[in-house]
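I opened this notebook to record what I looked up in the structure.

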Amino acid sequence: MSFEPILLKPIPDDDQIDVYEKHGGYSALAKALKEYSPEQITQIVIDSGLRGRGGAGFPTGRKWTFIPKDNTKPVYLCVNADESEPGTFKDRQLMREHPHLLIEGTIIAAYAINCHQAFIYIRGEFAAEARLLEKAIAEASTKGYLGKNILGSGFDLNITLYRGGGAYICGEETALMTSLEGGPGYPRVKPPFPAVAGLYGCPTIINNVETLCNLPPIVANGADWFKSYGTPKSPGTKIFCVSGHVNKPGNYELPMGVSMRELLFDYAGGIKNDKSLKAVIPGGSSVPMLTGDKIDVNMDFESLAEAGSMLGSAGVIVMDETTCIVKAAYVISRFYQHESCGQCTPCRQGTLWMYRILHRIEHGKGRTEELDLLLDICDNIEGNTICPLGDAAVPSVRTSIRLFRDEYEYHIKHKKCMVELGPRFE
Amino acid sequence: MNKADKSILTKSTIERLEKLLVVFPEKKSIVLPALHLVYEQFGYLNKAAIAEIAARTGVPDIYFEEGANFYTMFPIAPVGKYLIQVCHNISCTLMGADELVRYLKEKLKIEVGETTADGLFTLVTVECLGSCGTAPVMQINDTYYENLTREKVDRILEKLRRQE
Ligand SMILES: Cc1cc2nc3c(=O)[nH]c(=O)nc-3n(C[C@H](O)[C@H](O)[C@H](O)COP(=O)(O)O)c2cc1C
Ligand code: FES
């Protein structure tokens with residue numbers, strides 16, 4: 001029951017470049033530039049089976065190959081450090097503790113896709129992390145890992161930090177680009193896909209922080225080494241963010257496919273105050289809930305999909321028996337209603353209606369027939385929006401009603417929670 | 001607008017603004033970074049400052065206005081010296097965000113959205129701050145305060161009051 005993390009290595013002061021270098025930092029970059037062509041790096045990443053850690057799990061190397069071969073425009077790389085999916089807090093720890101790992105991974109990715117200007121889009125609230133990254137970029141430039149002719153390879157790269165303005169939607173890749181271009185963060189219709197026409201109309205690759213942090217170890221140790229962790233279809237390690245009613249909330253980097261029971265009970269210390277487990281949202285607030293008896297499931301893309309949920313961003317939100325499910329769904333619906341960019345009607349109106357109905361139920365003014373209305377709204381949002389934010393608002397509400405309908409009915413009838421809410425803030 | 005003495009932007013803001021202008025392939029990309037600069041200098045999106053930036057850079061002020069309306073991180077009117085932003089999203093709610101808000105309201109004697117009479121504290125609720133493992137969480141100006149308890153809140157407010 002112990003696993004040596006690969007990304008979240010417990011190295012003190014690893015945010016300082018000399019410490020990072022002392023532990024092998026930037027040697028993968030040197031190896032990449034010296035021994036491999038960009039195409040070979042892409043092939044290694046394809047062979048490793050690395051899948052995006054931002055939520056969708058798309059194969060990273062394959063995504064890179066979507067840049068048109070005959071492209072003559074500049075290619076951009078956007079690092080998605082917007083981390084705003086409720087329940088998710090892994091990229092923040094990576095950037096705080098290992099900013100150079102992200103910089104090194106970013107340079108390797110940029111080399112592979114022939115990009116000379118990368119942007120790190122970091123959520124605006126992460127001010128301390130932004131300062132750390134600024135410092136890391138400056139240090140890396142001084143050492144010749146950034147700028148012109150990196151390590152004598154002839155490869156040039158500039159990294160620019162871009163701070164968001166407090167909008168969840170800007171984590172969605174097309175909204176991220178519109179935001180970077182100076183507009184409000186409205187998502188765009190795909191196709192064209194960013195790899196073909198993205199930022200400033202040029203081919204653009206968007207990758208999550210954790211995805212990129214996996215590149216230095218993959219280049220250093222090879223694709224087979226990476227595949228020795230995790231499952232055949234979901235290789236590597238994954239950072240699981242455990243929050244809510246556990247004794248030891250926090251980030252746990254473990255091989256993909258670890259069982260949820262092990263994650264919650266062996267690593268995260270079990271349920272707080274020995275309460276029983278009511279429900280878990282395993283992949284951030286955008287994915288379906290599972291009831292507490294369904295935790296003998298493995299934490300990888302395939303297994304969670306089979307179990308009726310999703311790995312998503314691996315934000316594991318744990319709710320014990322003292323949680324009011326109506327309240328939980330209400331809080332989540334408030335978030336999507338607040339964050340909908342308002343561009344398309346099913347999402348703008350749908351999330352608002354869901355929120356209003358849940359607000360009524362939560363405050364003792366609900367009607368039983370509104371439960372089916374909620375489910376109906378879910379069906380009418382799903383699949384009908386420009387970007388997946390609308391889809392993301394649906395699963396928690398839908399599953400909360402399907403799995404805990406009795407609790408909703410009680411709430412509506414008795415105008416209060418069915419459960420005794422536990423004390424939390426002391 | 002070149003006369004420095006007429007500017008309401010500090011020298012540092014102007015310097016950073018000028019640096020921004022050479023970073024991006026397209027000038028309009030400075031909108032969000034410029035809003036950050038204004039927020040840092042004024043603590044809210046000061047209209048005159050934005051107008052000055054628009055004039056200095058040639059980026060139409062409608063773009064800044066659009067940004068100011070869209071991006072919720074920046075107050076559009078002056079707020080207290082300390083902007084207390086309590087996360088009320090799911091993980092923080094599970095760990096007592098409601099009680100935390102109630103406690104702050106009692107202590108500061110204000111409602112959510114209000115500022116204390118001495119102009120020191122403004123209390124607002126915000127969505128997930130990306131720190132759910134250390135819930136409940138609040139951000140005051142740009143600093144995070146995590147794993148909050150009543151005692152911690154008391155100490156934090158006390159310290160800020162002393163610093164004034
Ligand atoms: C509403 C919404 C919010 C998102 N937020 C984030 C985010 O904060 N960070 C992130 O990496 N990906 C986020 N994504 C996923 C991105 O669109 C994109 O798939 C991802 O950054 C690709 O990187 P990856 O392939 O390395 O995972 C979000 C998607 C949606 C629909
Ligand atoms: S839910 Fe409060 S920080 Fe994420």
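The entries follow in the order in which I looked things up.

Entry 1, the model. I note that this is a predicted model, in which local features need pLDDT of at least 70 and side-chain atom pairs count only at pLDDT 80 or more, while totals for chains, interfaces and linings use all residues. Residues are numbered from 1 along each chain as its sequence is written, chains are lettered from A and ligands numbered from 1 in the order in which they are written, and side-chain values use heavy atoms, with hydrogens and water left out.

Entry 2, the interface. I found 57 residues of chain A and 45 residues of chain B in the contact (heavy atoms within 4.5 Å). The area buried between the two chains is about 4,000 Å², and carbon and sulfur atoms give 60% of that area (accessible area to a 1.4 Å probe that two parts lose on being put together, summed over both). On the side of chain B, B:F70, B:I90 and B:L94 lose the most area to chain A, together 16% of what that side buries.

I looked up the salt bridges (a side-chain nitrogen of Lys or Arg within 4 Å of a carboxyl oxygen of Asp or Glu), and the rule finds four across the interface of chain B and chain A. A:K327 forms a salt bridge with B:D98, and the closest N and O atoms are 2.4 Å apart.
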